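Please open the model in your viewer and keep the sequence panel beside it. The stops below say what to select next and what is to be found there.

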Amino acid sequence: MPELPEVEVTRIGLADRLRGARVRSVHVGSPLRWPLGVSARTLHDLEIGELSRRGKYLWMPLSGRARKGGLLWHLGMSGSLMLHERVPPPRGRHDHFELVSSAGTLRLTDPRRFGAVLWSDALDSDPARRLLAGLGAEPFDPSLTARALHDGCKRRRTSIKAALLAGDIVVGAGNIYACEALFRAGIDPRTRCHRLSLPRCERLLQALREVLSEAVTLGGSTLRNFRDANGGAGEFQINARVYGREGQQCLRCRTPVRRVVQAQRSTFFCPHCQAR
Ligand SMILES: [Zn+2]
């Protein structure tokens, strides 16, 4: 599933190439999670602005004489975006949305169709506002301090792992990244949020930022290997220290890594290095 780093890498791979391009046509294929919300024809000739990201959503501002707004993209469970600068290959059965622009053909491939592309008049108007409303802070936003994370944790009695996955305090910690950040911070994933001290929140925030920026860097290098730069090149995984290593020795202390299930997801941790 594309996580925040994959979406950020997609943004980095596309932003420069799409900025200032004009929409020539839009092809809507099989229904995605939500409908586009406007007639595809009304997007013709609009100019693409600076791509931005909020959580796992990409925002593509579009403007022209007749209208102004943008498209909110989500890759769902299995989506990826590719910009074909030359003539694209024929559409495959999983290519469900296509935006042809003066910079090339941007194609959403999404076998499971949980992804979406939808029009919104602005980021702070519906439907974008409604979809983004429940999102926690951006992990790299400087206004997210350890104290802000601590305040968010104090109000919750769930485990820290479940809170990270829920994404309502801070976004971006998908299952792998949450496990890895908690390992690096030395926090047992079953620890109740409200019991985390400020110094531990500080370590957690730092660990989460490290893990996510490693993934973005790794994804960026994957990206440079493709001529037709593929956003969301699928999965470029960080070098996991605990994730997927059940029963193997902890790289720090050699205790066997344990696996438990939390919120229907596997959690991997070292019972010795990670304390409650
Ligand atoms: Zn250990």
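Throughout this tour, contact means that heavy atoms lie within 4.5 Å. This is a predicted model, in which local features need pLDDT of at least 70 and side-chain atom pairs count only at pLDDT 80 or more, while totals for chains, interfaces and linings use all residues. Residues are numbered from 1 along each chain as its sequence is written, and side-chain values use heavy atoms, with hydrogens and water left out.

Select Leu71 to begin: leaving aside neighbours within four places in sequence, Leu71 is in contact with Leu36, Leu43, Leu58, Trp59, Met60, Leu62, Leu99, Val117, Leu118 and Trp119. A nonpolar core is a set of buried Ala, Val, Leu, Ile, Met, Phe, Trp, Tyr and Cys residues joined through side-chain atoms within 4.5 Å, where buried means under 20% relative accessible area, exposed over 50% and partly exposed in between (1.4 Å probe, protein chains only). The largest such core has 29 residues, and those with the most contacts inside it are Met60, Leu71, Trp73 and Leu99. Helices (H or I, at least four residues) and strands (E, at least two) are DSSP runs, numbered from the N terminus; among the elements that each supply at least two residues of this core are helix 1, strand 4 (57-63) and strand 5 (68-74). The largest share, four residues, comes from helix 1.

**Helix 1**

Select residues 4-18 next. This helix has 15 residues and reaches 20 Å from its first C-alpha to its last, close to the 21 Å expected at 1.5 Å a residue, the expected span being 1.5 Å times one less than the number of residues. Helix 1 is mostly covered, with 12 of its 15 residues buried, including Val7, Leu14 and Leu18. Just after the helix, Gly20 takes a positive phi of about 85 degrees.

Move on to Thr105, which is found in strand 8 (residues 104-109) and counts as buried because its relative accessibility is 7%. Apart from neighbours within four places in sequence, its contacts are Met82, Leu83, His84, Pro88, Glu98, Leu99 and Val100. Arg86, in the loop between strand 6 (80-84) and strand 7 (95-101), counts as exposed at 65% relative accessibility. Draw a distance from Arg86 to Gly104: their C-alpha atoms are separated by 6.4 Å, although the two residues are 18 apart along the chain.

**The zinc ion**

Which protein donors hold the zinc ion? They are Cys250 (SG), Cys253 (SG), Cys270 (SG) and Cys273 (SG), lying 2.2 to 2.3 Å from the zinc ion; donors are N, O and S atoms within 2.8 Å of the metal (3.2 Å for Na, K and Ca), and water is not among the atoms, so sites may look incomplete. The four donor atoms subtend angles of 102 to 113 degrees, so the arrangement is tetrahedral, a term that requires all angles of four donors to lie between 85 and 135 degrees. Cys253 lies in the loop between helix 6 (198-224) and strand 10 (258-262) and Cys273 in the segment after strand 11 (265-269), so the pair ties together parts that are 20 residues apart in sequence. Cys253 is partly exposed at 24% relative accessibility, whereas Cys273 is buried at 18%.

**Cys153**

Finish at Cys153. A search of the whole structure finds zero disulfides, a disulfide being a pair of cysteine sulfur atoms within 2.5 Å. The cysteine sulfur nearest to Cys153, that of Cys201, is 4.4 Å away, and Cys153 is buried with a relative accessible area of 0%.

Definitions and conventions:
Four donors count as tetrahedral if all angles lie between 85 and 135 degrees; four count as square planar and six as octahedral if opposite donors are over 155 degrees apart and all others between 65 and 115; anything else is irregular.
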